[in-house]
Amino acid sequence: MTSSPRTQLLDAVKVPADLRGLAETDLPALAEELRAELVDAVSHTGGHLGAGLGVVELTVALHYVFNTPEDRVIWDVGHQAYPHKILTGRRDRIRTLRQEGGLSGFTKRAESEYDPFGAAHSSTSISAGLGMAVARDLTGGDNKVIAVIGDGAMSAGMAYEAMNNAGALGSRLIVILNDNDMSIAPPTGAMSAYLARLASGKTYLGLRDFGKKLTSYLGKRADRAITRAVEHARGYVTGGTLFEELGFYHIGPIDGHNLEHLIPVLRNVRDNGEGPVLIHVVTQKGKGYGPAEAASDKYHGVNRFDVITGAQAKPPANAPSYTRVFADSLIQEAGLDDRIVAITAAMPSGTGLDLFGEAFPARTFDVGIAEQHAVTFAAGLAAEGLKPFAAIYSTFLQRAYDQVVHDVAIQRLPVRFPIDRAGFVGADGPTHCGAFDTAYLASLPDFVVMAAADEAELKHMVRTAAEYDEGPVAFRYPRGNGVGVDMPERGRFLEIGKGRIVKEGTKVALLSFGTRLQDCLAAAEELDAAGLSTTVADARFAKPLDTELVVRLARAHEVLITVEESSIGGFASQVLHFLAHNGLLDSGLKVRPLVMPDAFVDQAKPEKMYADAGLDTAGIVRAVFGALGQGSRAATA
């Protein structure tokens, strides 16, 4: 593999229509060129590499057999779609992946007509595809709808809800299960391919339908018995019983890297049959790039890397990541309290719970991509006296909000929610941005909601959550590294609902919730230099709110600026609600809430996101002068 891939065939493919003009014998070579182009592109940008490498042949086959974009192909999860982007008119921009103003790391409707549905959170493709198929049927269309779902995404209940509904409706929907981890029934070469072609062909389908009509004369009971016997027999060969029970005709497993196997099956499915069908395709994550094949995570997500060696660029080594601080702190607390257990929804390394699992394997639970189940499972653990920490990214916890409300909050069960990736997430863009957790949790009665200002505060909050048994508690922290503060040997219990004054002043008050505290302190230095004596406070809690601290700041200062890396409706709303109901806005206090934009913000570098949102030092200073009606920093007290 070199950094200058040979792309003679790929150069001729601008859009899938060009691909369909190639000879079928050219496709394996095209796939190799596409794989080399993918590796080279991601080596410059970073991103999700392994999943894309695994679907190169499948991507080529789909666009070769189906008439995209009229035929809809939905990629689930969207980070499988890098090869798809290269083949669908975006190759010239592929090295802008996940960059500001560049291509999204996921499928995106606004980006291309070849992306019929945005799928950045998993397990949505079958539901969306069924909706498209039913819409096609109602409007008299005849296009095909194909949902490509990874085996990890099939661990979510939503996928089975959709399959159950699809089986009942009977609309023609093609689901491709991309099994890139562990196959229930691995393919066995030519015989497996032959059986898949046979099962997807017109002759077999005709005989199957004739057999059903014949057995119908024998009565419903005999019909059901014979049909079940046939399908169960085929299920033992192909592993399809579960999907058949859900109403899907099952084909496979087949080798997802063998185009001679893939293309005949896809053609047969395209041209024959009715109702929903599932094709089980076995692929290898990281296929064709040695360093990815050898890596334990198959290069699921990578930084920029050297194509020859596979060595990834390392971020500057300074403070530990917030995720690592959380993991180490939880391990420490769990060593002192054997009731602490940890839950992840298919993100053990992303949340740091892989480290917890090494220390306490029997007390660590990975429930798969099943956030709803994770939350109610945690509620059950809490109901029996254990101390569950359900570590879920902010954006993924949204998927389980009903369970948070109904199964945890209403029952006041002490489930602990460590919320990673709170706030902007840089290159992962709007689908993974943790903007809304403060608003959607602080609106719930009796919910304790905290945000760590730095890594030492996070350590305190882990212990606080571990020792708080009165009800649910959440604490949020961002992606990336801490700020380099001195770390305590062990966190201390924080008094619930109490913030802290970090710097005293007299004219301006900056009330921070979360990791914008460092920018507040930097802004205070500039304001002090301009003659505006500034207080800086760390709220720590959005709920219960430190009302004594808010009263003190409101009464002793002319300007109160709240600063948070969360959406409208979050911490500032709690503060303004209290100020309004207690007459503290009537005295002429100038209040300005600084929050994330009321928009879904595309990917960019985090520092650019903070600047554009007005949540950096300069933005905080501007907000103060704006509140005072002064347009320059030459103001004096």
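Start with Ile 279. Leaving out residues up to four places away in sequence, Ile 279 touches Ile 174, Val 175, Ile 176, Leu 177, Ile 251, Ile 254, Val 265, Leu 266 and Val 269. Contact here means heavy atoms within 4.5 Å.

A word on the source. This is a predicted model, where local features need pLDDT of at least 70 and side-chain atom pairs count only at pLDDT 80 or more, while totals for chains, interfaces and linings use all residues. Residues are numbered from 1 along each chain as its sequence is written, and side-chain values use heavy atoms, with hydrogens and water left out.

Back to Ile 279. The largest nonpolar core has 54 residues, and Ile 279 is among those with the most contacts inside it, along with Leu 19, Leu 30, Val 60, Leu 62 and Ile 176. Helix α3, residues 27–45, gives the largest share of this core, eight residues. A second, separate core has 52 residues, including Ala 345, Ala 382, Ala 542 and Leu 589. The definition of a nonpolar core: buried Ala, Val, Leu, Ile, Met, Phe, Trp, Tyr and Cys residues joined through side-chain atoms within 4.5 Å. Buried means under 20% relative accessible area, exposed means over 50%, and partly exposed is in between, with a 1.4 Å probe and protein chains only. As a general point, nonpolar side chains in soluble globular proteins tend to be buried together.

Now the strand that carries Ile 279. Both faces of β5 are covered: Val 277, Ile 279 and Val 281 are buried on one side, and Leu 278, His 280 and Val 282 on the other. Helices (H or I, at least four residues) and strands (E, at least two) are DSSP runs, numbered from the N terminus.

Where does β5 sit in its sheet? The sheet is open, with five strands in the order β1-β2-β3-β5-β4 and parallel pairing. Two strands count as paired if DSSP finds at least two bridges between them. The edges are β1 (72–76) and β4 (249–255), each pairing on one side only. From one strand to the next, the twist averages 15 degrees. Angles run from 0 to 180 degrees between N-to-C directions, and axes are lines fitted to C-alpha atoms, for helices over the stretch in contact.

Look at both neighbours of β5. Six bridges join β3 to β5, and Leu 177 has His 280 as its bridge partner. On the β4 side there are five bridges, again in the parallel sense. There, His 250 stands opposite Leu 278, and Ile 254 stands opposite Val 281.

Next, another strand, β9, residues 416–420. Why is β9 described as largely enclosed by the rest of the structure? Because five of its five residues are buried. Arg 416, Pro 418 and Asp 420 lie on one side, with Phe 417 and Ile 419 on the other. Strand β8 (residues 387–393) pairs with β9 in the parallel sense over three bridges, with Ile 392 opposite Ile 419. Strand β11 (residues 473–476) runs parallel to β9 too, joined by four bridges. Pro 418 stands opposite Phe 475 there.

On to charges. Glu 33 is in helix α3. At 4% relative accessibility, Glu 33 counts as buried. Its side chain reaches the backbone nitrogen of Leu 9 at 2.9 Å. The backbone nitrogen of Leu 10 lies 2.8 Å from a polar atom of the Glu 33 side chain.

Salt bridges: the whole structure has 39. The cut-off is a side-chain nitrogen of Lys or Arg within 4 Å of a carboxyl oxygen of Asp or Glu. Take Arg 90 and Asp 115, whose closest N and O atoms are 2.8 Å apart. Arg 90 is in helix α6 (residues 82–90), Asp 115 is in the loop between α6 and α7, and they are 25 residues apart. Both are buried.

Compare Glu 467 and Arg 463, at 2.7 Å. These two lie in helix α22 (residues 455–467), four residues apart, about one turn of the helix. Glu 467 is partly exposed, at 34%.

Last one. Which residues are linked in a network of salt bridges? Asp 11, Glu 37, Asp 40, Arg 91 and Arg 95.

Conventions:
A polar contact is a pair of N or O atoms within 3.5 Å; within protein, one must be able to donate a hydrogen and the other to accept it, and residues adjacent in sequence count only if both atoms are side-chain atoms.
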